[in-house]
Amino acid sequence: MKIKLIKTKAKAIFTKTRLQGVSYVVNHYVGCDHLCSYCYARFIAKWKNYGEWGTWIEAKINAPELVKGKYVKGSVWMSSVSDPYQHVERKLKLTRKVLENMDKNIDLAVQTKSDLILRDIDLFKKFKNIEIGLTVNGFSRKAKKLFEPYSSTHEKRLEVLKSLKKQGIRIYAFVSPIIPGLVDVEKVINETKDLADYYFFEMINLRGAGKEFVAVLKKEFPDSYEILKDKERFNKFLMDIKQIVKKEKVKSRGVFVHN
Ligand code: SF4
């Protein structure tokens with residue numbers, strides 16, 4: 001895996017967003033070495049002159065200075081176009097430095113697919129309002145290898161949830177991307193319901209995932225693809241998911257569907 005690291009300096013680091021339920025995003029990284037094949041952030045490559053998505057990571061190295069002494073009102077989400085705990089973070093520690101300097105009164109959500117997040121528990125504990133989101137989906141070995149090859153395994157993510165729970169940190173489980181036949185939502189809920197304070201559920205966004213992902217899905221999991229492309233079968237699948245969520249009586253912020 002050869003990914004170019006581009007170090008830049010940004011003018012600002014809290015970016016206002018129209019994302020539902022979020023006031024600002026913090027993207028000290030743009031690009032991600034987890035290389036999920038469905039990554040919705042790939043659209044960003046059009047606005048950057050760095051080459052194809054997945055071949056570069058931009059690290060805004062002055063981000064720790066930019067957050068220092070700055071308070072923003074409203075909820076802040078880290079991050080929308082990268083994973084703050086991707087592999088490059090092990091060496092660069094940019095996320096850690098940003099958290100060290102960030103105002104502890106900021107209402108912060110940090111989301112990841114990596115067990116590296118456990119490194120920063122000491123910092124999370126300083127925030128008055130913080131929640132950690134773990135993406136969980138329980139992909140099979142084949143689906144994981146094809147679609148999320150470099151992020152932590154499902155088992156490791158469950159261990160992360162357990163550790164965070166032990167530390168009393170508020171947790172949400174982001175069950176995503178839900179793909180018929182590949183994600184057993186009931187099983188995932190049962191594995192996490194004693195750990196997560198609440199849930200987001202999100203159906204796969206085929207348009208956002210891109211043509212290459214769709215081609216692989218169609219070839220390797222044709223039944224899943226057929227359900228996603230058939231309006232009637234998809235609606236039935238969606239109803240089933242909503243029924244499961246209701247039956248399991250977990251706190252949910254909804255089942256998101258991308259049109
Ligand atoms: S972890 Fe998130 S940002 Fe990183 S490649 Fe996967 S979907 Fe994209």
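The structure is a predicted model: local features require pLDDT of at least 70, side-chain atom pairs count only at pLDDT 80 or more, and totals for chains, interfaces and linings use all residues. Residues are numbered from 1 along each chain as its sequence is written.

The protein chain is divided into domain 1 (1–110) and domain 2 (128–259). These bounds come from an automatic or database domain assignment. The centres of the two domains, taken over C-alpha atoms, are separated by 22 Å. Domain 1 gives 15 residues to the contact, and domain 2 gives 21 residues. Two residues are in contact if their C-beta atoms, placed from the backbone, lie within 7 Å. On the side of domain 1 that touches domain 2, seven residues are nonpolar, four are polar and four are charged. Here Ala, Val, Leu, Ile, Met, Phe, Trp, Tyr, Cys and Pro count as nonpolar; Asp, Glu, Lys and Arg count as charged; the others, Gly among them, count as polar.

The largest nonpolar core holds 56 residues. Such a core is a set of buried Ala, Val, Leu, Ile, Met, Phe, Trp, Tyr and Cys residues joined through C-beta atoms within 7 Å. A residue is buried if 20 or more other C-beta atoms lie within 10 Å of its own, exposed if 12 or fewer, and partly exposed in between; the C-beta atoms are placed from the backbone. Ala173, Val175 and Ile178 touch the most other members of the core. Strand E9 (residues 170–178) supplies the largest share, five residues. Domain 1 (1–110) and domain 2 (128–259) both give residues to this core, so the core lies between them. Leaving aside neighbours within four places in sequence, Val175 is in contact with Val136, Asn137, Val185, Val188, Tyr199, Phe200 and Phe201.

Strands (E, at least two residues) and helices (H or I, at least four) are DSSP runs, numbered from the N terminus. Two strands pair if DSSP finds at least two bridges between them. Eight strands form an open sheet with mixed pairing, in the order E2-E3-E6-E7-E8-E9-E10-E11. Strand E2 (14–16) and strand E11 (252–256) are the edge strands, each pairing on one side only. From one strand to the next, the twist averages 20°. Angles run from 0 to 180 degrees between N-to-C directions, and axes are lines fitted to C-alpha atoms, for helices over the stretch in contact.

E2 and strand E3 (residues 24–26) run antiparallel and are joined by three bridges. Thr15 stands opposite Val25 in E3. E3 and strand E6 (residues 75–78) run parallel, with two bridges. Trp77 in E6 is the bridge partner of Val25. E6 in turn runs parallel to strand E7 (residues 107–112), with four bridges. Asp107 in E7 is the bridge partner of Ser75. Helix H6 (residues 154–166) lies across strand E8 (129–136) and E9, and runs at about 160° to E8.

A further open sheet has three strands in the order E1-E5-E4, again with mixed pairing. Strand E1 (4–8) and strand E4 (29–30) form its edges, each pairing on one side only. E1 pairs with strand E5 (residues 56–60) in the parallel sense over five bridges. Leu5 stands opposite Ile57 in E5.

Ile117 is placed in the loop between E7 and helix H4 (121–124). Ile117 counts as buried because 25 C-beta neighbours lie inside 10 Å. Not counting residues up to four places away in sequence, Ile117 touches Tyr85, Thr112, Ile132 and Val160. The C-alpha atoms of Ile117 and Ala63, 54 residues apart along the chain, are separated by 18 Å.

Several backbone features complete the description. A cis peptide bond joins Met78 and Ser79, with omega about 5°. Ser79 is found in the loop between E6 and helix H2 (88–92). The peptide bond from Ser176 to Pro177 is also cis, with omega near -10°. Pro177 is found in strand E9.

Leu35 lies in the loop between E4 and E5 and is partly exposed, with 19 other C-beta atoms within 10 Å. Lys93 lies in the loop between H2 and helix H3 (94–101) and counts as partly exposed, with 15 C-beta neighbours inside 10 Å.
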